[in-house]
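User: Hello! I have a structure open on my screen and would like to talk through it with you. Could you help me?

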Amino acid sequence: MPYVYFQTFGCQMNVADSNELCDRLGARGYQPTEDPAFADIIVVNTCSVREHAEQRAQVRIGEYARLKKKEAHLWVIGCMAERLGEVLKKKIPGVTAVIGARSIDQIDTIIDSLLPNQTIESLSVKKIHEASDFVSVMRGCDNYCAYCIVPYVRGHESSIPASILIDTIRKKVETGIREITLLGQNVNSYCDNGVDFPDLINKVADINGLQRIRFTTSHPKDCSEKLIRTMAEEPKCCRHVHLPVQAGSDRVLGLMNRRYTAAQYRERIAMIRQYMPNADITTDILVGFPSETHEEFEETLALVREIRYTTAFMFAYSVREGTAAAGFPDSVPQEEKLARLRTLIDLQTDITKEIYAGMAGEQVELMLGARQEKRRRDWMARDNGCKRALIACDGAESGMILKATVVRVSGMTLICERTAL
Ligand code: SF4
């Protein structure tokens, strides 16, 4: 039996692409392994968002090239594969194929050319252990934020036809999937012959057996009232909106080419809270953008204090060659960027802990995820927003939804007890 080993860097779209490739290789008889030295194919799915991410991936690919079996394949896929192309084969001897992010839709044809004598048996051979999965609904991005390499690497936006998505999700539900996260760099731009993203959510919600729908990411400029109303009206839609703000200063937002002001962003938040008062709102923030002043950074802190995100992904700006911002004079010293990042993380961590602490005694609806390795009665779970939970129960399985009470809070985990079936 041949084996495949996956190493995935980067965002959830990469995770979705790795899962997709794993399914396709599974249909050709390949089983996943945890040991790269044992694998017949090693796949490294790469990210180009930061220079550091590319460097890490290249080091790892070099290690795999040294330890792999002599005849094993070493495939590099994803954004760095798209950006550097065949150069990677010269740079890292041992790489046998480079498959860019834009080619992922032709993956069957590519596998056929790389593994010519393999036949497809069935597309549902992979055993599903968990009940959640990702599905990319769009590829590419047309927004060209000044700091971001994604549009150059992944290309223009294109939407995957709704009929294909519904068919894909239906098949996943047949294998035990109960929760789907719809992915795109900007899902609000989804458009397939008049079917927009809220329409797609309604179509996905009609699939029998599917219990929860999540999605990410929404660009604030396109986050429409129709989308928020659809979420509020559709019980399968989780109460979680990830809305990257990036900065609290209008001048910095303008430089970033985000195409909204802080006031317009605040209006979107007010709309979300009007329709779904208890929704978890999360964000991305970039500090130390070229020429960001201390006062402008304070505007970001003020916005974070006011909005009270449940959690946030926070980064210090680092230059990415090939983007517009790479040409901006960068007057913020590295130590200052890191100091701002620490201040922001401390503030957000306090807010996150307060929000979690405020959940004590509340009733929540949990979906069970993975079982704990050592304490087999304990399950990791997620509430109807984005909060993590731990619950002990017998006779359970991944994907089960149950009502629970938050009996206490441990840092950023809700410790729950089951209250009813
Ligand atoms: S919306 Fe902006 S940050 Fe997000 S992928 Fe597109 S260009 Fe990059």
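This is a predicted model: local features need pLDDT of at least 70, side-chain atom pairs count only at pLDDT 80 or more; totals for chains, interfaces and linings use all residues.

User: Which domains does the domain assignment give, and how many residues of domain 3 are in contact with domain 2?

Analyst: The bounds come from an automatic or database domain assignment, which gives domain 1 (3-114), domain 2 (129-238) and domain 3 (363-420). The C-alpha centres of domain 2 and domain 3 lie 26 Å apart. Residues are in contact if their C-beta atoms, placed from the backbone, lie within 7 Å. On that basis, 10 residues of domain 2 meet domain 3, where the number of residues in contact is eight.

User: By class, what makes up the shell around the ligand?

Analyst: The surrounding residues include Cys 141, Cys 145, Cys 148, Asn 186 and His 219. For the classes, Ala, Val, Leu, Ile, Met, Phe, Trp, Tyr, Cys and Pro count as nonpolar, Asp, Glu, Lys and Arg as charged, and the others, Gly among them, as polar. The shell therefore has six nonpolar, four polar and no charged residues.

User: What is the order of the strands in the open sheet of three?

Analyst: Helices (H or I, at least four residues) and strands (E, at least two) are DSSP runs, numbered from the N terminus, and two strands pair if DSSP finds at least two bridges between them. The edge strands, each pairing on one side only, are β6 (132-136) and β12 (212-216). Strand β9 (residues 179-183) pairs with β12 over five bridges in the parallel sense, with Thr 181 bridged to Arg 214 of β12. The pairing in the sheet is parallel, and the order is β6-β9-β12.

User: Which helix lies across β6, β9 and β12?

Analyst: Axes are lines fitted to C-alpha atoms, for helices over the stretch in contact, and angles run from 0 to 180 degrees between N-to-C directions. Helix α7 (residues 162-174) lies across β6 and β9, at about 165° to β6. The helix that lies across β6, β9 and β12, running at about 100° to β6, is α1 (residues 12-26).

User: Are α12 and α13 roughly parallel or roughly antiparallel?

Analyst: Helix α12 (residues 294-307) and helix α13 (residues 334-357) pack with axes 10 Å apart, at an angle of about 10°. Residues meeting there include Phe 297 and Leu 301 in α12, and Leu 344 and Leu 347 in α13. Angles under 35 degrees count as roughly parallel, over 145 as roughly antiparallel, 65 to 115 as roughly perpendicular and the rest as oblique. The two helices, α12 and α13, are therefore roughly parallel.

User: How many residues are in the hairpin between β16 and β17?

Analyst: Strand β16 (residues 363-371) pairs antiparallel with strand β19 (residues 401-410) over five bridges. Three bridges, also antiparallel, join β16 to strand β17 (residues 378-382); in β17, Ala 381 is the bridge partner of Leu 368. The hairpin joins β16 to β17 through six residues.

User: Which peptide bond is cis, with omega near 10°?

Analyst: Most peptide bonds are trans. Thr 217 lies in the loop between β12 and α9 (225-233). The cis bond, with omega near 10°, runs from Thr 216 to Thr 217.

Notes. Residues are numbered from 1 along each chain as its sequence is written. A residue is near a molecule or strand if its C-beta atom, placed from the backbone, lies within 6 Å of it. Two residues are in contact if their C-beta atoms, placed from the backbone, lie within 7 Å.
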